[in-house]
Amino acid sequence: MPEKIIAGKTVNVDDEGYLVDYKEWTEEMALEIARAEGIEELTDRHLLVINFMRAEFEANGTGPSIRRLNKKSGVPTKELYQLFPGGPAKKAARIAGITKPQGCV
Amino acid sequence: MRNLVILGAGTAGTMMLNKLDSILDKEEWRITIVDQYETHYYQPGFLFIPFGIYTPRDVVNPKQDYFPPGVESIFAQIELIEPEKNQIILSNGRLLPYDYLIIATGTKINPQETEGMAGPEWHKSIFDFYTIEGAKGLSRFLKYWEGGRLVLNITEMPIKCPVAPLEFVFLADWWFTEQGIRDRVEIEFVTPLPGAFTKPRASAVFGDFLGKKNIKLIPDFNIARVDSEQKKIVSWEEQEVPYDLLVTIPTNMGDTVIERSGMGDELNFVPTDPHTLQSKQYENIFVIGDATDLPSSKAGSVAHFQSDILQENFLSAIEGRPLRAKYDGHANCYIESGFGKGILIDFNYDTEPLPGKFPLPGIGPFSLLEETRMNHYGKVMFRWMYWNLLLKGAELPIESEMLMAGKRL
């Protein structure tokens with residue numbers, strides 16, 4: 001399993017760069033991952049989504065779909081795409097330090 | 001007397017009814033099945049109606065014809081499931097108490113979930129092919145269409161029969177070629193997925209097919225709205241794709257009774273144990289087919305494989321034994337690829353569709369992830385099997401568990 005140093009900490013990541021153990025995640029790491037993804041600053045709205053993603057992952061073992069994110073966190077879908085351009089579910093999962101959302105077959 | 005109630009008499013519900021009716025002791029069990037509609041549609045056939053391969057008559061039969069004698073069937077809307085009280089309330093006010101409940105209420109398309117989709121152009125220049133009305137409407141439209149931009153769009157996952165959109169564009173390519181107007185039609189496949197399909201190896205193979213058939217793939221497109229006046233679809237990131245004919249796969253959601261009863265997730269699918277098929281919340285409720293929230297395909301083959309597992313676990317449950325049968329996510333799909341050929345995929349939760357051979361006693365082998373005439377015949381033959389064997393709960397020569405035999409890693 002590949003290792004990566006994020007915000008000074010060595011962590012295990014999968015082939016696509018998602019953290020393997022979400023418990024290794026810190027807020028400092030979130031910012032570094034976000035910057036690598038082209039998001040320069042993490043606003044309160046970003047953090048709201050990220051914390052929601054982590055809570056969902058803790059409860060269900062998988063990250064939420066965009067629909068669920070929208071419905072349960074109250075953040076409008078349009079805004080989700082503005083906060084995390086290029087795919088909120090995957091990008092926010094990466095920044096939140098959880099595994100990639102399970103795709104359906 | 002104990003009561004078993006089955007909600008929904010589609011593919012999954014009818015199969016379960018026939019299977020359990022043949023093994024449960026009638027002195028001890030009363031079985032009731034409820035559905036609001038009296039007509040059973042062979043849904044895989046909807047795909048062929050727009051291209052005149054099937055007529056609507058080829059895909060319908062009365063539901064009643066597939067119910068075993070002695071079973072109580074009720075054609076009524078279901079108002080509410082009250083799992084705490086072990087009862088169902090029908091919209092005519094009737095109460096149905098149950099000891100065990102099987103939910104097989106399926107999934108439906110919801111075009112009203114997307115802004116501008118279900119407006120004045122619905123079934124005029126915007127069509128689905130997941131309903132008989134949509135399939136018939138498309139058939140009429142295509143008869144007179146002289147060409148332009150055909151855009152197929154998947155709104156969001158999951159959808160029923162995730163290969164059907166690919167089959168639609170493959171068949172469209174063939175059909176326009178037959179009509180002599182292929183050079184006047186641009187076909188685009190617009191999907192929220194990163195490629196042509198959900199799983200990497202199949203996605204690459206199908207991506208190649210799209211390319212070979214001159215069908216343009218637009219991945220990672222998450223539709224926000226349809227602008228039916230300007231005739232374009234617009235993504236959440238303001239990417240625009242213009243169309244002359246939009247064939248859409250709208251948001252799929254479980255039945256509204258699931259929502260009314262507070263038993264579903266955000267898409268009204270019922271949280272279900274992925275292996276035992278028992279409801280995650282209630283021990284005396286099982287869920288089968290499209291109504292579940294499982295990460296397996298929403299498809300008839302899945303319902304069929306699940307029915308074997310559910311039969312076994314149901315018998316265990318009523319006798320107080322542990323549920324030992326485990327569904328593995330097995331799906332098996334024949335994909336029409338046009339020009340009299342087809343592709344077959346066979347996969348489960350853990351194993352993505354792989355190339356190789358698929359052995360089928362007495363009939364096969366079929367080729368996996370490859371285009372052959374034999375696979376097309378498999379699909380054609382299946383309609384007969386569906387009406388005459390599958391719905392009636394008969395044994396088919398195919399294992400409910402996925403086998404690795406013949407597959408190449």
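**About the model.** This is a predicted model, in which local features need pLDDT of at least 70 and side-chain atom pairs count only at pLDDT 80 or more, while totals for chains, interfaces and linings use all residues. Residues are numbered from 1 along each chain as its sequence is written, chains are lettered from A and ligands numbered from 1 in the order in which they are written, and side-chain values use heavy atoms, with hydrogens and water left out.

View 1. Buried means under 20% relative accessible area, exposed means over 50%, and partly exposed is in between (1.4 Å probe, protein chains only). Helices (H or I, at least four residues) and strands (E, at least two) are DSSP runs, numbered from the N terminus. The buried set runs through A:Pro88, A:Ala89, A:Lys91, A:Ala92, A:Ala93, A:Arg94, A:Ile95 and A:Ala96. Their packing partners are helix H1 (27-36), helix H2 (44-60), H3 and H4 of chain A.

**View 2. Where chain A meets chain B.** On the chain A side 14 residues are in contact with 20 residues of chain B, contact being heavy atoms within 4.5 Å. The size of an interface is often given as the accessible area lost when the parts come together. For chain A and chain B the buried area is about 1,600 Å², with 52% of it from carbon and sulfur atoms; buried area is the accessible area (1.4 Å probe) that two parts lose on being put together, summed over both. The rule finds 4 salt bridges across this interface, a salt bridge being a side-chain nitrogen of Lys or Arg within 4 Å of a carboxyl oxygen of Asp or Glu. One salt bridge joins B:Glu266 to A:Arg68, with the closest N and O atoms 2.6 Å apart. Helix H3 (66-73) and helix H4 (77-83) of chain A each supply at least two residues of the side that touches chain B.

**View 3. Domain 2 against domain 3 in chain B.** Chain B is split into domain 1 (2-106 + 255-318), domain 2 (110-252) and domain 3 (332-390), with bounds from an automatic or database domain assignment. The centres of domain 2 and domain 3 of chain B, taken over C-alpha atoms, are 24 Å apart. Between these two domains the buried area is about 1,400 Å², and carbon and sulfur atoms give 72% of it. B:Glu167, B:Arg201 and B:Phe209 supply 32% of the area that domain 2 of chain B buries against domain 3 of chain B, more than any other three residues. The count of salt bridges between these domains is 2. B:Lys379 forms a salt bridge with B:Glu167, their closest N and O atoms being 2.8 Å apart. Helix H3 (164-179) and helix H4 (200-212) of chain B each bring at least two residues to the side of domain 2 that touches domain 3.

**View 4. Around B:Leu7.** B:Leu7 sits in strand S1 (residues 2-7) of chain B and is buried, at a relative accessible area of 0%. Leaving out residues up to four places away in sequence, B:Leu7 touches several residues, including B:Val34, B:Ile78 and B:Leu101. B:Gly106 is 99 residues from B:Leu7 in sequence, yet 9.6 Å away in space, C-alpha to C-alpha.

**View 5. Backbone details in chain B.** The peptide bond from B:Met157 to B:Pro158 is cis, with omega near 0 degrees, and B:Pro158 is in the loop between strand S12 (148-154) and H3 of chain B. B:His123 has a positive phi, near 65 degrees, in a residue other than glycine. B:His123 is partly exposed, with a relative accessible area of 27%.
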